[in-house]
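Subject: Handover of a structure

Dear colleague,

Please find the structure below. I would be grateful if you would read the notes that follow with the model open beside them.

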Amino acid sequence: MATTVTFSREIANLLHAAGGEPVSSCMQCGTCSGTCPVSDFMDVRPQRLIRMIDAGLKDQVMATRSFWYCASCYQCTVRCPRGIDIAELMYGLKRYTIWKKQYPEDLIGPAFSETFVKNIVRTGRSYEPVLATSYFFTLGLKEMLQEAQGATMLMLKGRLPVLPARIKRLENFKRMIKRIIPIGDE
Ligand code: SF4
Ligand code: SF4
């Protein structure tokens, strides 16, 4: 008989590689929300998000933007008294919503993440000028000019590469990375 995998189980599986305790061990102390530097910008704070996952409120969790605002500072992870890796949980939720293609259309984060990963798979290195294309055209004219001006200055000072760099033994790296990132061929 087929077993239905619950949402909290799916998220637990996503977190498996990262380690940390399961969300069901959360005691709702609020340390994660209290310590998070961007929780004021989140529509649902980390503490409540964890309770929603544990309760299996998949649609509500998928509809939040909180994990896209996570700055990956890991303060919540190091301070959680129950050893839950909340920062990795935020990454897991990003991956999950990209995988399911279920995220608010106006978010820059998903396109930025996909461009970043494809860039890494293609060359083994991040290349900022290509990354910028994932959000550049969402900016207003004034911001676009400021970005272009800032990028030009960085290039002139040698802080931004003009051409993309490639790592050595790129084919080996590609084979390895494609085993863990299901993005298909470029
Ligand atoms: S810090 Fe840990 S135990 Fe406390 S609410 Fe956050 S996840 Fe739960
Ligand atoms: S890792 Fe993310 S959720 Fe955790 S404290 Fe930092 S910004 Fe907040």
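**What was found**

Phe41 counts as exposed, at 58% relative accessibility. For this term, buried means under 20% relative accessible area, exposed over 50%, and partly exposed in between, with a 1.4 Å probe and protein chains only. Phe41 sits in the loop between helix 2 and helix 3. Its C-alpha atom is separated by 21 Å from that of Gln102, which is 61 residues away along the chain.

Please note that this is a predicted model, in which local features need pLDDT of at least 70 and side-chain atom pairs count only at pLDDT 80 or more, while totals for chains, interfaces and linings use all residues. Residues are numbered from 1 along each chain as its sequence is written, chains are lettered from A and ligands numbered from 1 in the order in which they are written, and side-chain values use heavy atoms, with hydrogens and water left out.

**The chain as a whole**

The chain has 11 helices and 0 strands. Helices (H or I, at least four residues) and strands (E, at least two) are DSSP runs, numbered from the N terminus. The chain is divided into domain 1, residues 7-99, and domain 2, residues 109-178; such bounds come from an automatic or database domain assignment. The C-alpha centres of these two domains lie 28 Å apart.

Along the principal axes, the C-alpha atoms fill a box of roughly 55 × 40 × 30 Å. Of the 186 residues in the chain, 34% are buried. Among contacts (heavy atoms within 4.5 Å) with a separation of 6 or more, 61% come from residues 24 or more positions apart.

**The two ligands**

Which residues are the closest to ligand 1? They are Cys26, Cys29, Gly30, Cys32 and Cys80, in a shell of 14 residues. Helix 2 (31-35) and helix 3 (46-54) are the elements that give two or more residues to this shell. A residue is near a molecule or strand if one of its heavy atoms lies within 4 Å of it. By class, the shell around ligand 1 has 9 nonpolar, 4 polar and 1 charged residues. Here Ala, Val, Leu, Ile, Met, Phe, Trp, Tyr, Cys and Pro count as nonpolar, Asp, Glu, Lys and Arg as charged, and the others, Gly among them, as polar.

Ligand 2 is surrounded by residues including Cys36, Cys70, Ser72, Cys73, Cys76 and Met90. Its shell has 10 nonpolar, 1 polar and no charged residues.

How many disulfides does the structure hold? There are 0, where a disulfide is a pair of cysteine sulfur atoms within 2.5 Å. Cys29 is partly exposed, with a relative accessible area of 40%, and Cys73 is partly exposed at 38%.

**Individual residues**

Ser72 lies in the loop between helix 5 (66-69) and helix 6 (75-79). Its phi is near 55 degrees, a positive value in a residue other than glycine, and Ser72 is partly exposed at 21% relative accessibility.

Lys101 is placed in the loop between helix 7 (86-99) and helix 8 (109-123). The phi of Lys101 is also positive, near 50 degrees. Is Lys101 buried or exposed? With a relative accessible area of 65%, Lys101 is exposed.

Finally, Thr133 belongs to helix 9 (residues 128-136) and is partly exposed, at 45%. The C-alpha atoms of Thr133 and Gly109 are separated by 12 Å.
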